[in-house]
Amino acid sequence: MLECNVQSCTKPRKGFSRYCSNHHKTKARHGHPLQKPVTAQELKPYIKAVVLWFEERARGDTEDLLRRTWIGLVHEAERYRRLANKGQPFFKNLLEAYDIILSANQSKDFKAISNTMLAMGYLYEANPKRFADETAFGFQCARRLRALSDCSFGSRWDHQSGKVAKVYRDVSPKTLRALWKLILDTKFPVYGIKLAKEDLKERSHWVANEQIITQALMGEAA
Ligand SMILES: [Zn+2]
């Protein structure tokens with residue numbers, strides 16, 4: 001019997017997968033068998049850092065550039081959806097990815113979307129070990145964007161309560177990959193990484209300066 005490909009795991013492999021049932025599922029959901037999902041709660045301080053950075057240091061044209069990039073992607077998504085509706089051939093997973101873009105654009109304002117994607121880049125720069133690999137990072141970016149859309153929940157008639165119940169709908173790895181590719185084209189996470197580099201460097205300077213001031217006040221040789 002072959003064991004799961006994850007080193008610390010001794011469970012049997014599932015069917016043709018290289019992993020056991022649990023690790024197989026995690027890989028499909030999060031891009032890597034050992035990747036833990038990034039929650040909205042976890043991302044909060046990074047979103048705050050991005051918002052602060054925009055308030056204090058970003059020039060107005062940075063926001064304009066991001067907004068134009070996002071609008072460009074939304075137009076692309078509308079076009080793909082329109083052609084599919086007219087009966088043109090389409091890639092199912094790409095269409096699903098575009099629909100997530102359109103849904104996020106409908107439910108959230110541009111800043112919420114942009115800040116979330118930039119914050120993912122910030123988190124990556126501040127704590128690269130949080131991600132098992134590049135694919136896992138891509139899946140988490142795609143999942144955070146999808147969480148801003150209405151695509152995560154469907155409705156189902158609950159016979160027992162006699163009400164419409166909200167049910168969580170998962171998404172296929174192929175769609176997450178397609179969505180990640182679209183996000184990567186906008187460069188939002190890459191801008192987030194750059195922003196974090198600059199921000200963290202400035203913060204470390206600030207700490208160093210404070211030390212120098214303290215040393216000066218205490219009469220120590222700097
Ligand atoms: Zn396993």
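Two strands pair if DSSP finds at least two bridges between them. The model is predicted.

**The hairpin**

Strand S1 covers residues 153–158. Strand S2 covers residues 163–168. The two strands run antiparallel and are joined by six bridges. Together S1 and S2 form a hairpin, with four residues between them. Gly162 sits in the turn and has a positive phi of about 70°.

| Residue | Residue opposite, in S2 |
|---|---|
| Arg156 | Ala165 |
| Trp157 | Val164 |

How many of the six residues of S1 are buried? The number is zero, so S1 lies largely in the open. S2 is hardly covered either: among its six residues, the count of buried residues is zero.

**Helix packing**

Helix H3 spans residues 60–85, and helix H5 spans residues 110–126. At what angle do H3 and H5 pack? The angle is about 100°, and the axes lie 11 Å apart. Angles of 65 to 115 degrees count as roughly perpendicular, so H3 is roughly perpendicular to H5.

Which residues make the contact? H3 supplies Leu66, Arg67 and Trp70. H5 supplies Phe110, Ile113 and Ser114. By class, the contact of H3 with H5 has four nonpolar residues, one polar and one charged.

**Domain arrangement**

The protein is divided into two parts. Domain 1 takes residues 1–34. Domain 2 takes 36–153 + 162–217. The C-alpha centres of domain 1 and domain 2 lie 28 Å apart. Domain 1 gives five residues to the contact, and domain 2 gives nine. What is the makeup of the side of domain 1 that touches domain 2? Two of its residues are nonpolar and three are polar, with no charged residues.

**In brief**

S1 and S2 form a hairpin. The number of buried residues is zero in S1, and the count is zero in S2. H3 and H5 pack at about 100°, through a contact that includes Trp70 of H3 and Phe110 of H5. Domain 1 and domain 2 have C-alpha centres 28 Å apart.

Technical notes
Residues numbered from 1 in each chain as written. Predicted model: local features only at pLDDT ≥ 70, side-chain atom pairs only at ≥ 80, totals over all residues. Domains from an automatic or database assignment. Contact = placed C-beta atoms within 7 Å. Nonpolar A, V, L, I, M, F, W, Y, C, P; charged D, E, K, R; others polar. Buried ≥ 20, exposed ≤ 12 C-beta atoms within 10 Å, placed from the backbone. Axes fitted to C-alpha atoms, helices over the stretch in contact; angles between N-to-C directions. Parallel < 35°, antiparallel > 145°, perpendicular 65-115°, else oblique.
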